[in-house]
Amino acid sequence: MKPHHVQKLIIFIFAILALCLLPGLVLAAKPIGKVNNLEGKAFATLSGQKRELASGAQVFEKDSLQTMESSKIVITFLDDTVLRMGENTNVSLEQYSFEDKPDGIVGMVTRFFRGLVRMTTGKIVKRDRDKFSFQTPLATLGIRGTEFFAQTVDDGEEIGVTSMESGHQVALASSSDQTSINEQGYYVKVGRDGKFSPLMRISNTVSTRIMRMQNTFTRMKMQRAPRMPHQ
């Protein structure tokens, strides 16, 4: 056999082995939630393996999630945290732990890259509010029992609170500034220099952008994701 034929054969064998091993990586991963509703197309990438999501599909710790044009998705996690992603949005599920017992380990770190997300916190925040972190390219949010949104805009980001339990807050910090939102119905802009604007009441324009994502699913009967056995 000629040397170049041997080289092609070796590459082919390694490609086949990779295809066989990648599904095993997903099966060995830790399921942390399920897709409740999906309109359009959304994908998850884990350990280099990209898969298309469907209603009822599991998501895993370390998944990188992506929605496509005119697509929206709702994911419910084991602790009842709910993540809603609008079109052309990228989110990474960096860390997740939830043991549903009084002394169980809990924690969630979510990284947002672009697009529009709306998130409702669940039992992790109720158990230990310091164990929940939401990171954007420009800021880090410490969440205290709220429903919040984050979206990228031309000149930076907008981060706000649509619902908040009494006495709670959202603490925001960047590399050069910090602030907090202590009342629902307000948001801040984050400039590319990391500076936060003063608090602003959520305008009709901002509200319309958020609700455009939500309205897709109000026509559907929202059901809680089925319980999965804890790993």
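Predicted model: local features only at pLDDT ≥ 70, side-chain atom pairs only at ≥ 80, totals over all residues.

Modeller: Two strands count as paired if DSSP finds at least two bridges between them.

β14 covers residues 156-164. How many of its nine residues are buried? Seven are, so the strand is mostly covered, taking buried as under 20% relative accessible area.

Take the β13 side. β13 spans residues 146-153 and runs antiparallel to β14, with eight bridges between them. A hairpin of two residues connects β13 to β14. Two of the pairs can be named. Ala150 has Ile159 of β14 as its bridge partner. Gln151 is bridged to Glu158 in β14.

Now the β17 side. β17 consists of residues 186-191. Six bridges tie it to β14, and the two strands are antiparallel.

Strands of a sheet pair through backbone hydrogen bonds, either parallel or antiparallel. Here nine strands form an open sheet, and the pairing is antiparallel. The order is β4-β1-β6-β7-β10-β13-β14-β17-β18. The edges are β4 (58-60) and β18 (200-201). Each has a single partner strand, so one side of each lacks a neighbour in the sheet.

Go back to Gln151, the partner of Glu158. What is the make-up of the lining? It has three nonpolar, seven polar and four charged residues.

Some loops deserve a look too. Ser176 sits in the loop between β15 (170-173) and β16 (178-181). Leaving aside residues up to four places away in sequence, Ser176 touches Asp193, Gly194 and Lys195. Ser176 and Lys195 are 19 residues apart along the chain, with 6.5 Å between their C-alpha atoms.

Next come two backbone angles. Most residues other than glycine have a negative phi, and most peptide bonds are trans. Ser47 has a positive phi, near 55 degrees. Ser47 lies in the loop between β2 (42-46) and β3 (49-52). Ser47 is exposed, at 51% relative accessible area. Asn88 has a positive phi too, near 50 degrees. Asn88 is found between β7 (82-85) and β8 (90-98), again in a loop. Asn88 is partly exposed, at 24% relative accessible area.

Finally, the whole chain. It holds three helices and 18 strands. Of its 231 residues, 46% are buried. Among contacts with a separation of 6 or more, 51% join residues 24 or more positions apart. The accessible surface is about 12,100 Å², and carbon and sulfur atoms account for 52% of it.

To return to the strand itself: β14 is mostly covered, with β13 on eight antiparallel bridges and β17 on six.

Methods
Residues numbered from 1 in each chain as written. Heavy atoms only, no water. Helix = DSSP H or I, 4+ residues; strand = E, 2+ residues; numbered from the N terminus. Buried < 20%, exposed > 50% of the residue type's maximum accessible area, 1.4 Å probe, protein only. Contact = heavy atoms within 4.5 Å. Areas by Shrake-Rupley, 256 points an atom, 1.4 Å probe, with all protein chains shown as cover. Nonpolar A, V, L, I, M, F, W, Y, C, P; charged D, E, K, R; others polar.
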